Amino acid sequence: MLPTVVLLLAAQPAPAEAFRQAERFAAEDRFGDAEPLYRSALDTDDRFLKRQAFNRLMSLYVRSGRPDKALRTGDAFREWLKTVGDPDGSGALELLTAQCHLDLGYPDTAETHVTAALGARPPLAPPLVLDALRLRCETAALKRDGSETRRWAELERAAADTLKVAERTNTAAVRVAAARALADALAKRGDRAAALAALEGLPALHDALSDALGRRDTQLQRAKLLAARRQFASAEPLFTEALTLHRKAQPEQRVTAGDILAEWAAAALAAGKTADATTLRDRAAAEYKAALGATTDAGGALAAFVRLQALTRSANQFTQALDAARQAGARWSGDTLLDARLKSDQGALELMAAAHPAARKSLTAALSALEPVEPVNLRVLPKVLVNLAAAQLGCDAPEDAEVALKRCAELYRKHKLPPDALRVEADYLSGVAASRRGDFAGAIGFFRDGLARCDLVGADADATRFNLWLNSALIHKEQGDAAAASEALTRAAGVLARFGERDDLSAAIIDAVRADLYLSQGQVKSAAALVPALEAAGAQGGRQSEYLWATARHIRALDALGRKDLAAAETVWGELAAAQRTTGDVLLARTLNFLGVCAELRGADADALKRFAESRAFQAGRPRCPPATCAITLWRLAVLTDKAGKPAEAKKFLGEVFDIADRARLSTFGEAAQRAQFFVQFAPMFELLASWCARDGDGEGLLRVVTRSRSRTLLDQMLAAGVDPRDRLPADTRKTLLEREAVARRAVSRLRSRAMLFTPSRPTSRRRRSSSPNSKRPKRSTPTRGARSPTPTPSRASSRTPRSPSRRSHRSARRRTGWAGRCSRTWWGATRALRSFAPTPRPPRRCSGSGWPEQLLPMSASRRPANWSRGPGSAGSRCGRSPRNPSDRRPPPPRRSRSRTRSRRGS
């Protein structure tokens, strides 16, 4: 064991040699190799070497994106300076510590260290003072507390004062630094003319000092200011001069050349010179790629990778960006300092390229590397969580996505982070995850929270604001609220119009949602008018293009079905189903349903049954299928099964529709009328089941249908969710209000129980009961206050509207039939209960015995075949019953006398 230890100790280089090797590795961006060598160099008694090792090690951590390690090293550096009694450099150390805290997302702590740096003794040099004030401006921007303008004004005053002192003392370096800082502060305030004036004398100063690189940087800054003032013609010669000066002075520094070309390309694009911007962007990418693959110092391979990522992302060239990320991953494979950063960038790019499984793998690895970091990186960790959630949604795992999104929201809450574009995106993805589970109420809540935060964030959140309005329109469309859906689409189009570049794909998505809205209203022709634009946009490729293509094909099939061209409709839906089977699209269930409809129209019941059974099997593996799609599948299966002579199995299918509706009850949102628009689509199934129960003499089943098909109000949903609004009653009125509610509940319960009592088969006259020996009521023929009203006699009823014979015969028949009379009476109430699903009275359906509602099949009634049948009954019947005529309409229950009602109120 001892020889091994001796060999290991002998293998470690001396501190000076370790420092030299570390410098070579750091220049080549081999961070993982340089780190242990710098740490070996710290084990020295040479103060100068140790100070250099501390500085280089902290700089290494900052460049590699590990400010957490830089902070721990800075703490050790600060303690060593106190131990040796050397205060020199403490101000610069505080400034670097502030930068690390800012990179980690802790602006308050960064502000504290900036203040300490400005008050350090010995004081900072004037250029470092300006850097500290600039860092304070960045801290204020991250805090979003309204102090950013004041901080930039402080920098402007300090830079102007420093410039005056530098001109008076003729200090060239300080003069250049002060003039540039002053120009930045003036430009931030919006006074670009004054900023250009502040830089006007610097080129001559650079020439006097023979400072070609200084002139390069000044001319580049002036060119950017001119481009911002929309003076591209004057800015272009300065871009050219800056690039020429750089190639002469530092031809090997490819990263800087790429930076100049990238700025030039951005200015050309803003000036409307798209072709020139594309050429310049390609040249910049070539410079970055050359630096990324260089073995010598070309300006930093890691810096080249970061800039190449930003350049290709801005141009939506995600494939090239992903290639660069994979190249970087291969170069720095095994580097512990860069592993989390590279995995995070690669996962984000794979997400943009719709490679969701690969993105989930990369982002999960990045999350594992970031979780043990202390302090928590609040700039990177929330972004990784949001991207991971998006990848989980792409892999159809909304439950896993919600876990990541909840962690992200908890980070914002715990650390009191101000809302930003990332927080808005988290709200948007949370709403998408909730809608995937069918929780429309939760989804719309997240969407509204995101829209409220968009107002706080501003234009940076416009891209997510567009998605929020678009998905809100989809949710409203699913609930049948066409007006709200149309308004949300208008808002989404307004946000899209504010984008800098026209996004044809996003505009096509709005058209696709609008087409779906037309279909939900039965306006197939209006939807078909949008198909050519959808097909043109869908040819671009990508996941969103698949949605556009599927929507266009579905509309074309519906149009063919409306024209009674069953062959063409089945062909289009067959092609669409084949594509959806490959991708596992949840809309495959809808396509199979319509293929079953076509088979029914052809009279091929066996083929239709096969299609609906396949749709049901597909839904069983995907519990997040839309409730309406699942209900239609069960409905048509029930009709075909009943037609095949299996009524018990058919009623079982329709009974499952109740379970679907019950699960969807707590997922809806809005007022009772809005929720009713959603539940009205289930009414035909309930009516059909009730008619079958009545046909088969199943009174108990009919009662269950009536009970389960009643609508629920908002209060019912709150109580079902375990929320009692009475918990928040004021203490001073709580007791009185609760007592009043108890009295009202008892009164309502008495009325409800009397209304639901069985009518006795042999009714006994109330006059006879009142004259019995045990009766305590006075024997009166006229009612008095507080007494029950006797059954109306012919003399008593003479003042009322005379009853028709049919009504009297129906009433006596109901008394003679016992439970059947109750069923008949309950069926009359069931029809009214089913009508309560709709917010307004619905017109009678113009359809045959099939009972297809226009909400579910967007096809005019005049075009439906006459032989369409869904159950027993003659042609033209409704739910197996004879057509409604005024003569055979069911009568309402008998009216009670007004005096009897008053007596109940008195009781």
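Angles under 35 degrees count as roughly parallel, over 145 as roughly antiparallel, 65 to 115 as roughly perpendicular and the rest as oblique. The structure examined here is a predicted model, in which local features need pLDDT of at least 70 and side-chain atom pairs count only at pLDDT 80 or more, while totals for chains, interfaces and linings use all residues. Residues are numbered from 1 along each chain as its sequence is written, and side-chain values use heavy atoms, with hydrogens and water left out.

Helix pairs make a friendly starting point. Two packed helices are described by the angle between their axes and the distance between the axes. Helices (DSSP runs of H or I, at least four residues) are numbered from the N terminus, and axes are lines fitted to C-alpha atoms over the stretch in contact, with angles from 0 to 180 degrees between N-to-C directions. Helix 24 (residues 440–457) and helix 25 (residues 462–478) have axes that come within 10 Å and cross at roughly 155°. Helix 24 and helix 25 are therefore roughly antiparallel to each other. Their crossing is left-handed, a term used if the near helix is turned anticlockwise from the far one by less than a right angle. Contact means heavy atoms within 4.5 Å. Among the residues that meet are Phe-440, Ile-444 and Phe-447 in helix 24, and Leu-468, Trp-469 and Ile-475 in helix 25. By class, this contact has nine nonpolar, four polar and three charged residues; Ala, Val, Leu, Ile, Met, Phe, Trp, Tyr, Cys and Pro count as nonpolar, Asp, Glu, Lys and Arg as charged, and the others, Gly among them, as polar.

A second pair is formed by helix 11 (residues 192–199) and helix 13 (residues 212–228), whose axes come within 10 Å and cross at roughly 160°. Helix 11 and helix 13 are therefore roughly antiparallel to each other, and their crossing is left-handed. Six nonpolar, two polar and two charged residues take part.

The interior comes next. In soluble globular proteins, nonpolar side chains tend to be buried together. A nonpolar core is a set of buried Ala, Val, Leu, Ile, Met, Phe, Trp, Tyr and Cys residues joined through side-chain atoms within 4.5 Å, where buried means under 20% relative accessible area, exposed over 50% and partly exposed in between (1.4 Å probe, protein chains only). The largest such core has 166 residues, of which Trp-332, Trp-573 and Leu-654 touch the most other members. Helix 27 (residues 504–520) gives the most to this core, with ten residues. Apart from it lies another core, of 51 residues, including Ala-159 and Leu-311.

Some backbone details complete the picture. Most residues other than glycine have a negative phi, and most peptide bonds are trans. A cis peptide bond joins Arg-121 and Pro-122, with omega about 5°, and Pro-122 sits in the loop between helix 7 (107–118) and helix 8 (126–143). The bond from Glu-374 to Pro-375 is also cis, with omega near 0°. Asp-29, not a glycine, has a positive phi of about 60°; at 1% relative accessibility, Asp-29 counts as buried. Asn-170 likewise has a positive phi of about 60°, but Asn-170 is exposed, with a relative accessible area of 65%.

How values were computed: Helix = DSSP H or I, 4+ residues; strand = E, 2+ residues; numbered from the N terminus.
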